[in-house]
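Let's take a friendly walk through one protein model. Have a look at the sequence and the structure first, and then read on.

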Amino acid sequence: MKAMLAAAFLMAATLHASDYQADYAALKAKVGREHLEQHLAEWRKSDPDNPNAWILSANWALDEADVAIVGRGEGATLPPGNYKLEMREGKVVVIDAKGKVAGGIVPDPAQAGIIKAAWFISEALKKWPHRADMHCGLATVYARGAFWPEHVAALRGFVNAARSQAGKLRWCHDAPLDAPEDVFLADKLHSFARQQFDHESKGADQRFFEIAQMTARACPKSPKGYNDLAAYHGLSENWKAAQFLLERAAKVAPDDALDRMNLGDNSQRLGRAEVARNAYQHVIDLQSNPALVKDAQAKLEALGKGTR
């Protein structure tokens, strides 16, 4: 079922790869791995207004990440409870439900590396909130550590920044975005949503829904949020709810062949043959995707009507 939904509703999306990996590799080769931490600390101190110092510091923290063990210290483990990791005074500590320090990280730094990397990026975003690459990077770091509430919160932060920094958003190395801001935002959110969809778990499905909602609200002129929400409803075979969303997607993107194909297929599920015929015919008229045209022709014939 889920494989079918992925093909039917979701456009292919690829999350950006780090554009700073080559920079980090070059720095590590130049300075030496054993001196990187000190070098980066000095760089941040001497040139605090250089975003690269903070981004490469996050790369270093991830590079050092392995496996983390949390405890009170002296090898004692913490009792069951609701804990989280935070950076305080340059160290990763364990915070209990009351916000108090309950313990620290025992040397093998895995989740510690995730928290350090997230802290470096978060600090950088205080100075450069217009950097879309940092917002996406922060969400990616949290996903790597399976810090899911923080991951979703980072994406909400990205949406808020897109609003507050409208007209100013930039990408890696302060480069211009490769698409209009609203299109760019919808594409990135859809990429993160697709990652959750592919996890195939109840928790991931809920995150998929949250990100899809975020996309539809932040980018109402893009079909991607509506399509993703339709895919979510398809998981429970709520085709009626999916139909409403697919119709909205078709309105905002009338020349998108995949959107129309999705609408035609879902209309068939609901027994709305005439709506399905019109959607398939529109795909054929667009002539924008040969594979979809061929599929639409076959489905029109199955419905008892050929192309005009």
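Is the crossing of H11 and H12 left-handed or right-handed? The crossing of these two helices is left-handed, meaning that the near helix is turned anticlockwise from the far one by less than a right angle. A word on the source: this is a predicted model, where local features need pLDDT of at least 70 and side-chain atom pairs count only at pLDDT 80 or more, while totals for chains, interfaces and linings use all residues. Residues are numbered from 1 along each chain as its sequence is written, and side-chain values use heavy atoms, leaving out hydrogens and water.

Helix H11 (residues 239-252) packs against helix H12 (residues 257-269) at an angle of about 150°, with the axes 9 Å apart. That makes H11 roughly antiparallel to H12 (angles over 145 degrees count as such).

Now to the aromatic rings. A pair of rings is described by the distance of the centres and the angle of the planes. Rings of Phe, Tyr and Trp (its six-membered ring) pair if their centres lie within 6.5 Å, and by this rule there are seven aromatic pairs. Ring pairs join Trp 54, Trp 119 and Phe 120 into a cluster.

Phe 120 also touches Ser 57 (contact means heavy atoms within 4.5 Å), a residue of helix H4 (residues 51-64).

| Residue | Relative accessible area | Class |
|---|---|---|
| Ser 57 | 0% | buried |
| Trp 54 | 13% | buried |
| Trp 119 | 27% | partly exposed |

Terms used:
Axes are lines fitted to C-alpha atoms, for helices over the stretch in contact, and angles run from 0 to 180 degrees between N-to-C directions. Helices (H or I, at least four residues) and strands (E, at least two) are DSSP runs, numbered from the N terminus. Angles under 35 degrees count as roughly parallel, over 145 as roughly antiparallel, 65 to 115 as roughly perpendicular and the rest as oblique. Buried means under 20% relative accessible area, exposed over 50%, partly exposed in between (1.4 Å probe, protein chains only). Rings of Phe, Tyr and Trp (its six-membered ring) pair if their centres lie within 6.5 Å; planes under 30 degrees apart count as stacked, over 60 as edge-to-face and the rest as tilted. Lists of a residue's contacts leave out its neighbours within four places in sequence.
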